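Please look through the structure shown below and follow how its parts meet.

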Amino acid sequence: MPSDAREEILSRLWSAPRRGVSVRPALPPLPDLSFGLEQMIDKFSSDLTALAGSVHRVRSRPEALDRLTEVARQEDLTRVVVSSDPLIASLDLVDWGRRTGIRVFSAADYGDRDSFRRAVFDEAQAGITGADYALSESGTLVLAHRREQARLISLAPILHIALVPVESFRPVYESVTREVFEGREPVPSQLTFITGPSLTGDIRGIPFRGMHGPRRVIAILIGA
Amino acid sequence: MREVSLLIPCLVDLLLPEIGVHTLRLLRRLGVRPVYHREQTCCGQPAINAGYRKQARKAARHLIEVFEGDREIVSISGSCISTVKHRYPELFEGDPSWRARAEELASRLFELTEYIVEVLGTEDVGAAFEGKVAYHESCHVLRALGISEQPKKLIRSARGTELVELKQADLCCGFGGEFANSFPRISEAMVKEKQDRYLESGADLLVLSEPGCLLNIGGYLSRHHPEKRAVHIASFLAGAGTEGAN
Amino acid sequence: MRPATKAFKAAADRELDDLASRALLSLFLQYGSAMRERGMGTFPDPAAALELGAAIRGEVIARLPELLEEFERNATARGARVLWARNAEEACALVVELARERGIRYVTKGKSMVNDELGLNEALEKSGVEPIETDLGEFIVQQLKRPPFHIVGPAINIPVEEISDLFMEKAGMKAPSTDPVELGYAARLFLRGKFRDVEMGITGVNMAVASTGTIINVENEGNIRFSKSSPRTQVSVMSLEKVVPSMDDALHMLRLLTRSCMGLKITSYVTMDSGPRKEGEIDGPEELFIVIVDNGRSRVYADLKAREALRCIRCGACLPSCPIYGKIGGYPYGWIYSGPIGQVLNPLLLGLGETRDLYQACTLCGSCKASCPAGIDHPALLLEYRARDAEGGRALEGGKRRFGEARLFDLWALAVRRAWSWNLGARFLRSILNRNQREGVISSGAGLLSGWFLCRDLPALPRRSFHELARELEREEARPE
């Protein structure tokens, strides 16, 4: 019976001798906790750039679209998959795609997992998402995966472009997890911390980017 | 006159007694009266390392009885001191009264350079050696006891001496007591590495604080590079550096 | 993986003779330690950070059953299915059944030491499900049917020509290449096809957060993200000590893990799963199974000393810190866990009698302990195993007491209690060893200490020990000037 295993394991653990817990030392706070917005942005940018990522800064959404157009041109993009989070939705990328001659598709265009998977794996040259948070601590983007933020969009295509409102900047990991796990919104099925490209050194220690996930992360920061 | 009791490791007693003599000489030069209890034998480390705790306890009880009347005790082996400080408590786990006696003794036990620099408060012991010296950081001295600056300060204060960098100074030399005999090929690879770093350092002399390391490195040098010397820091500071230890 | 722990010495000798492997290891030792130092240096107070890590893992050990129950409760509340397995057979049977029920033909796997421990791949293959390792290094060694060279870089020692041949044969690569980047790209293309159509992904778990019911995985490649998010079913297997009390604790351990392991502030990806996908999500697992595995750990837990080994977070920092690992690499340890943590864990999970060389082959230098973010005292544990083994303890399946050696130490114990017996013993030892001395140097022991004399000399034992010299010095001092 499956519950036998549970009972046996737990009863063995419970009947073991008990010992007290040791005192935890105090830690000095991470420097990021005293940063203002511009400092967080600077640190985020230099960390992500050091990981072969690119960081762009624009003041408004229209400027963001212009910058996106430039990036798409530089990267020769003709087919992109986009998420449907509020920021991305507000940019109307389908319309942008029509204007720039880029085919834009999203999860809503597919009725089921398998057809979505085929599109995201085989057709998309880039995945464009918003970002729930950007972290100064390590040049990290955080995505909370919900219906409007499908997981594979930021993973399968070889390029990941993230549009990041500056309001989403936070200093350290705890600032994010407290909001996500103790806030009023339901906890997402998956929370992903993305720091730079997919990477491996498994062959002779030589670095290779884009092992399974994107080869590059491009962040377009939006806000004055 | 200040008195200090000497804890002489068994390896020094049997194989390197001159280091003990150098230690006596050095302490006298510093105005301290060294006392040597002839009843001492061995701290028990070989038995503990081999897993023979019952037998080790016999050595430990004897050591405690020999030394517990002393106000201050100094030793020239980090591993012996570490045995008393860190291994005796678990050895006497089931015996609170011996455990308390062991802990009390441990609080009055010092490593030589620690004693000179921190208790006697001096960095210049009148040592002299013309040449370059490299210092090997023995595992128990460095990691178990946290002693590293003290021996280096003493070496730097020696007249004519230049302390040069030893790469990977804190890498274990491969002694480990019985290890060197039971896993000889691995031990050999480790001691060879230590020798190579010594040779690369350009030092004229290798100084270290642990008799076991000295036997190991010195023994390897004797077989492969007999022209290069290694000495215990007690010998170096006492002015016996140029004689070497082999 | 079948244990080969009894072949430690022979395997170590082979590795010592492999000069290419030794050169690689030497690089790894220096690089690994430097990376770790640099990573730890990004903490404002590295020592306090290590101490907090030790305190957190200590709390996990102290509260293990209650934390596991809390985790199960919260994970279940989020829609995950939590299953328990007492041993490898049970765990494999569970996973195989999940695959069978769902008509799974192949699974993609993230690197997981516990899954290797369970022999999960063999069990899957036997039941007709193809397990595909997708971490690049694991993929390579899986296809080559070779054990991993190292915890973090399982295939790092394999020559590019061999990988090229392998990829042409098994990964659809069209033309040969010795460029690691081209080879990496070929693997990307091949494994991508597997990820696209996969129906069940199997991962390990780096941390299971009790207070939120969340499992956390860290990786650099993205294969774990794929294995979690592409298929309809996710199975994540954790050994029971992987639980941590709170999310804050998990984040601190995460910081320590990535710095200790690779000198990184964070890995490319960290995913935190709280239940399966929700209504309306197009990807992500419809079912999330979390398998909690015992496999000998609850028995270890019952032992107050041995249980300290369960603190381990599998960061691997102890490997590049170990001067012995630095000479022999991972193979001689003979099982999933190598280096100092292998010396500490394998004896507990396989029995002291099967792993004697593993806890004997250590100089107790303490470098591992100094590098450990979980507060494990490896030297103390190894000494404990040696004592249990010498005493013939049953609890950890120690071997029989070695009669001759024990008698030797009995003799030693007699000698050590009084100076006169000690001095007598010293004279006896001197007479034996000095038989072979030449010009004050002993180069061979004629049978005694043959390991020592392989490459080293000893000074001839002086005619007078310090005991005897001291007596003279005393007399000198007492003589009137």
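In this predicted model, the contact between chain B and chain C takes 51 residues from chain B and 52 residues from chain C. On the side of chain B that touches chain C, several helices each supply at least two residues, among them helix H2 (17-29), helix H4 (53-67), helix H11 (184-201) and helix H12 (211-224) of chain B. The residues of that side of chain B divide into 28 nonpolar, 14 polar and nine charged.

Within chain B, helix H5 (residues 78-91) packs against helix H6 (residues 96-106) at an angle of about 170°, and their axes lie 9 Å apart. Because angles over 145 degrees count as roughly antiparallel, H5(B) is described as roughly antiparallel to H6(B). The table lists the residues that meet.

| Helix | Residues in the contact |
|---|---|
| H5(B) | Val84(B), Lys85(B), Tyr88(B), Pro89(B) |
| H6(B) | Arg99(B), Ala102(B), Glu103(B), Leu105(B), Ala106(B) |

The residues of this contact of H5(B) with H6(B) divide into six nonpolar, no polar and three charged.

Turning to the strands, eight of them form an open sheet with mixed pairing, in the order E8(A)-E5(A)-E6(A)-E9(A)-E9(C)-E6(C)-E5(C)-E8(C). Strand E8 (169-170) of chain A and strand E8 (243-244) of chain C stand at the edges, each with a single partner strand, so one side of each has no neighbour in the sheet.

Key:
Residues numbered from 1 in each chain as written. Chains lettered and ligands numbered in written order. Predicted model: local features only at pLDDT ≥ 70, side-chain atom pairs only at ≥ 80, totals over all residues. Pairing = 2+ DSSP bridges. Helix = DSSP H or I, 4+ residues; strand = E, 2+ residues; numbered from the N terminus. Contact = placed C-beta atoms within 7 Å. Nonpolar A, V, L, I, M, F, W, Y, C, P; charged D, E, K, R; others polar. Axes fitted to C-alpha atoms, helices over the stretch in contact; angles between N-to-C directions. Parallel < 35°, antiparallel > 145°, perpendicular 65-115°, else oblique.
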